[in-house]
Amino acid sequence: MESMGKKKPRPRRSFTSEFKAEIVELCQRGDRSVGQVAKDFDLTETAVRAWLRQAERDAGTRSDGLTSSEKDELAQLRRENRRLREDVEILKRATAFFVKETR
């Protein structure tokens, strides 16, 4: 009885950038509403609207967030930063070890 009326959560899906670009193009043409495009392709309206916002950022018509290339660069810099922090920690431990050994 508890599960009556509750939907199972949809498994997370991933889409290619080409597919997203096609959906964005369909929405920007203006033939159909965002909701209709989402319904026609069995997508959530929230996802389609997020793709539209990102496409606008990438095109320079919107400035309320990072472009795709900026997001990629940020992710790369965060990975590099994490690796460098790990390297520094290893060097600190090695230095402490050798200081103890030389005493």
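Residues are numbered from 1 along each chain as its sequence is written, and side-chain values use heavy atoms, with hydrogens and water left out. As the model is predicted, local features need pLDDT of at least 70 and side-chain atom pairs count only at pLDDT 80 or more, while totals for chains, interfaces and linings use all residues.

The largest nonpolar core is made of 11 residues: Ile-23, Val-24, Leu-26, Cys-27, Val-34, Val-37, Ala-38, Leu-43, Val-48, Trp-51 and Leu-52. Helices here are DSSP runs of H or I, at least four residues long, numbered from the N terminus. Core member Leu-43 also touches, beyond its neighbours within four places in sequence, Arg-10, Arg-13, Phe-15, Phe-19, Ile-23, Ala-38, Val-48 and Trp-51 (contact: heavy atoms within 4.5 Å).

Leu-43 and Trp-51 turn up again in the lining of the largest pocket, alongside others including Arg-10, Arg-13, Phe-15 and Lys-20. A pocket is an open set of points on a 1 Å grid over the protein atoms alone, where a 1.4 Å probe fits, with protein on both sides within 12 Å along at least five of seven lines; lining residues have an atom within 4 Å of a point. This one holds about 330 Å³, counted as the space filled by probe spheres set on points joined across faces, edges and corners.

The second largest pocket comes in at about 250 Å³. Of its 14 lining residues, Lys-20, Ala-50, Trp-51, Gln-54 and Ser-68 sit closest to its centre. Helix H1 (17-29), helix H3 (45-59) and helix H4 (68-102) each supply at least two lining residues, with H3 giving the largest share, seven.

Thr-67 sits in the loop between H3 and H4 and counts as buried because its relative accessibility is 19%. Not counting residues up to four places away in sequence, Thr-67 touches Gln-54, Arg-57 and Asp-58. Asn-81, in helix H4, has 38% relative accessibility and so counts as partly exposed. Asn-81 and Ala-50 are 31 residues apart in sequence and 28 Å apart in space, C-alpha to C-alpha.

Key. Buried means under 20% relative accessible area, exposed over 50%, partly exposed in between (1.4 Å probe, protein chains only). A nonpolar core is a set of buried Ala, Val, Leu, Ile, Met, Phe, Trp, Tyr and Cys residues joined through side-chain atoms within 4.5 Å.
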